[in-house]
Amino acid sequence: MAAIAPAERHSAVTEMPDELRADVRLLGGLLGQVIAEHGGPDLLADVERLRKAVIGARRGDTTADKVAALVAEWPIDRAVQIARAFTCYFHLANLAEEHYRIRILRQRDRDDVPLRESLAEAVQELRGDERPADLVGGLEYRPVLTAHPTEARRRAVVTAIQRISGRLDAYNAPGRGAGEREEAHRRLLEEIDLLWRTAQLRSTKLDPLDEVRTAMAAFDETLFRTVPLIYRSLDAALEPGTGTRQPLAKAYIRYGSWIGGDRDGNPNVTSKVTREAVLIQSEHVLTALENATTRIGRTMTAGAMDTPPSAELRAALARATGDFPDMVSEMATRSPQEPHRQWLLYVATRVAATRRRDLDLAYRSPDELLDDLRLVQESLRGAGAVRQAYGELQHLIWQVETFGFHLAELEVRQHSQVHAATLEEIASGTLSERGEEVLATIRTIAWIQERFGVTACSRYVVSFTRSADDIAAVYELARHALGDRAPVLDVVPLFESGEDLDNSSDVLTGMVELEPVRRRLAANGRRLEVMLGYSDSAKELGPAAATLRLYDAQAALTAWAEANDVRLTLFHGRGGALGRGGGPANRAVLAQAPGSVAGRFKVTEQGEVIFARYGHSAIARRHIEQVTNAVLLASTPMVESRTAAAAAKFRTLAEQVASASESAYRALTEAPGFAEWFALVSPLEEIGSLRLGSRPARRGLGAPRSLDDLRAIPWVFAWAQTRVNLPGWYGLGSGLAAVVSGGGLAELRSAYREWPLFASLLDNVEMSLAKTDRAIASRYLALGGREDFVEQVLTEYDLTRKLVLEITGHSRLLENRRVLSRAVQLRDPYVDALSHLQLRALSALRADGDLSEGERDRLSTLLLLSVNGVAAGLQNTG
């Protein structure tokens, strides 16, 4: 496939850096060679015809109708191959951009100037107004991995891309000889050939344990090794001499997971699945800890003469020899006069026994392991070997503190109505299968706590919490399940609808009056957690009104917590897509209501976001540092007071925007026939066939009759496929127009400059608008046969685009975000190609003429391949 030709496109594209251009050309050229070898030169020629046609349409040299005619002339099987080619191209283009981003991060990471939005920069900024150690001491960051189905790629495809990434690194490595470079080129071509031959679509639906194992790849390949490097960066920023002194940075990251625990609307997640999920997690983390301890132990060859062991370590070794004489004696024979090495190898053996459940030798808790590691650390420090004490050994200690023996806290989520129905069944004396499962889940939580400790699984999230009774129901069910042996539960209310967000403080008032909650607050230092749902609120209210309503709820909850002497943590249920609360995470943190962060931030990491943020160590480290930087700065009095002043100043403006935008949004989405029309103009129904995850894409059976029948994820995903991206911007134009019509344009511009929340809202909408293509979108919208809806959508798009540019002062979308603008414009024509292929399939399927079963199957394959490719091209689609 020919590489992108910069001269053919907008000036933003001509700014493409030489290194990135070289990688794109290399990968695109190799893919073209593979395509020609597999399908012959005619297939490559057809791919090139479409590539040039869509670029020509962008330049005005041809028309979209002519592109559609070109696509229509190919047999379906040929169209499938072409869709496959463009999809593979996007995977490789994304990879090239990731490599370039990593290069730039490394180039900017200079010793004399802290990297922007890094931990070092945050500590430097804090020194003027705050004591960094005070804020760092209470710092908490809790990312929660979820299995929501927004990752369209098969795991096999992701793995193939990772292998290509390694080969590209090898090819570009400096100092290689000609022979080495030629071999790297050959291996790169081999891996791209395998990517082409790997099926892009899943043949079977994922089950929840598949999703657990997929998430484990991020831990194995990235997170375990990256987390201690982040702590090391923070420690170095706090005070010189890291690695030669007691660390000042604590382990502040705690991962959570809903994968295998979230049963709201997913009957495939059972108590047995939850039990297996935590066992899989434990197997991975104990294996990693065993390997790390063994590696450090084998290299700890400091001799007893120069590095004498402490009396405590000698005594511990003597006790170990008495308990396990053969094993410890063998270690002493292999490591004579190396007591620190002997001890660490003994510790590694005990970690292995913990994994195998060898109770004679196993650790009973992570704290026991930490005691043994700190014993050898103190011995090394006492002997003067401070670099050995606070180097790799400290990394291992941080890893144990972060991941424990369970890796991530498994959180359970269930709908409040399920709890209410189960209590009714208990009262009637007849328990359904679903009711039995609710009680079995609570028993499983108790089993997890008994085996791995309370921190492994205590949070129980209640979807659609409407009152304190919904919280009380969980504790009542726990009593029915196990009586006095009920597990420790931190029940977390989840507020999702606009009405529930408004009533959230009143619900908490009733909640803290419950006896089980009072006991828990007394035991945990009056800590309470509340979850805010971004996806469903945005689906109900529209992006602008939901953003402002969520902000008001945060402010109200923060005031409530202060009045009730509660240490509140807000759990942000944000999706990857802009229509589900997505966007740059660090900017989102800085836009939170004053006092709502307070050094603590908890957020979901969903779908494709997991691999986008944690697929490569350098990217993962940068993401976590950016979020931590924002959490620290957002918690300072200076930032809080500045944000509070802006929020008060623009309060009336925000209410006007929210009211008018919600009215416009509801006028469209609640209109009779809208849900049916949406199903016609988008691949909504077909997305379920992609087998993206174990959770059903829709509530209930049959075609959707209203938005309530649709889950937020397929709602956003399907709109992205149509190139409309409606959930990311619809209604804001009307909201802004309501202010502008009253002469408020200058005030809107001031709000954009002064209020982080409003700036974040407009910037995210601008990004969503940039990923919208009006011409392609019009072709999708026309499939529904409702000109009134088409006119409403396009009119609101034009209005929103116009006013966003006027308020931001930009002459074009993303004018101030050159890298992102370049990425979007590079992809647009290639996404156009897949959209035309998708439109051909969708139009034929919707027409439903005299199609044979074979034709329908082939059209469905074309449609699903194009869905996969568009997702890869647009990124953050779900």
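Analyst: S379 counts as buried, because its relative accessibility is 2%, where buried means under 20% relative accessible area, exposed over 50% and partly exposed in between, with a 1.4 Å probe and protein chains only. S379 sits in helix α15 (residues 366-382); helices (H or I, at least four residues) and strands (E, at least two) are DSSP runs, numbered from the N terminus.

User: What is S379 in contact with, beyond its neighbours within four places in sequence?

Analyst: With those neighbours left aside, S379 is in contact with P308, P309, S310, L313 and H340, contact meaning heavy atoms within 4.5 Å.

User: Before going on, what kind of model is this, and how are residues numbered?

Analyst: This is a predicted model, in which local features need pLDDT of at least 70 and side-chain atom pairs count only at pLDDT 80 or more, while totals for chains, interfaces and linings use all residues. Residues are numbered from 1 along each chain as its sequence is written, and side-chain values use heavy atoms, with hydrogens and water left out.

User: What is the mean pLDDT of the chain, and where does pLDDT stay under 50?

Analyst: The chain has a mean pLDDT of 91, with 93% of its residues at 70 or more; pLDDT is the predictor's confidence in each residue, from 0 to 100. Over residues 3-12 pLDDT stays under 50, and for that stretch the model has 30 contacts beyond four places in sequence. Where pLDDT is low, the predicted coordinates should not be read in detail.

User: OK, on to the sheet. In what order do the strands come?

Analyst: Nine strands form an open sheet, in the order β3-β2-β1-β9-β8-β7-β6-β5-β4, and the pairing is parallel; two strands pair if DSSP finds at least two bridges between them. The edge strands, each pairing on one side only, are β3 (409-410) and β4 (412-415).

User: Is β6 enclosed or open, and how many of its residues are buried?

Analyst: Six of the six residues of β6 are buried, so the strand is largely enclosed by the rest of the structure. In a regular strand the side chains alternate between the two faces of the sheet. In β6, D490, V492 and L494 point one way and V491, P493 and F495 the other, and all are buried.

User: How does β6 pair with β5 and β7?

Analyst: With β5 (residues 459-463), β6 (residues 490-495) pairs in the parallel sense over four bridges, and V461 has V492 as its bridge partner in β6. Between β6 and β7, which run parallel, there are two bridges, and the bridge partner of L494 in β7 is M531.

User: And what about β7, how many of its residues are buried?

Analyst: Six of the seven residues of β7 are buried, so that strand is mostly covered. β7 also pairs with β8 (residues 567-573), in the parallel sense and over seven bridges, and R527 stands opposite R567 in β8.

User: Which helix lies across β6 and β7?

Analyst: Helix α22 (residues 504-511) lies across β6 and β7 (527-533), and runs at about 160° to β6; here axes are lines fitted to C-alpha atoms, for helices over the stretch in contact, and angles run from 0 to 180 degrees between N-to-C directions.

User: Switching to α37, which of its residues are buried?

Analyst: In α37 (residues 774-781), the buried residues include I776, A777, Y780 and L781. They cover an arc of only 140° around the axis, which puts them on the same side of α37, the arc being that of the directions from the helix axis to the C-beta atoms. What covers the buried residues of α37 includes α31 (674-681), α33 (712-721), α38 (787-808) and α39 (818-847).

User: One last topic: what is the phi of L407, and is L407 buried or exposed?

Analyst: L407 has a positive phi of about 75° although it is not a glycine. Most residues other than glycine have a negative phi. L407 lies in the loop between α17 (392-403) and β3, and counts as buried because its relative accessibility is 5%.
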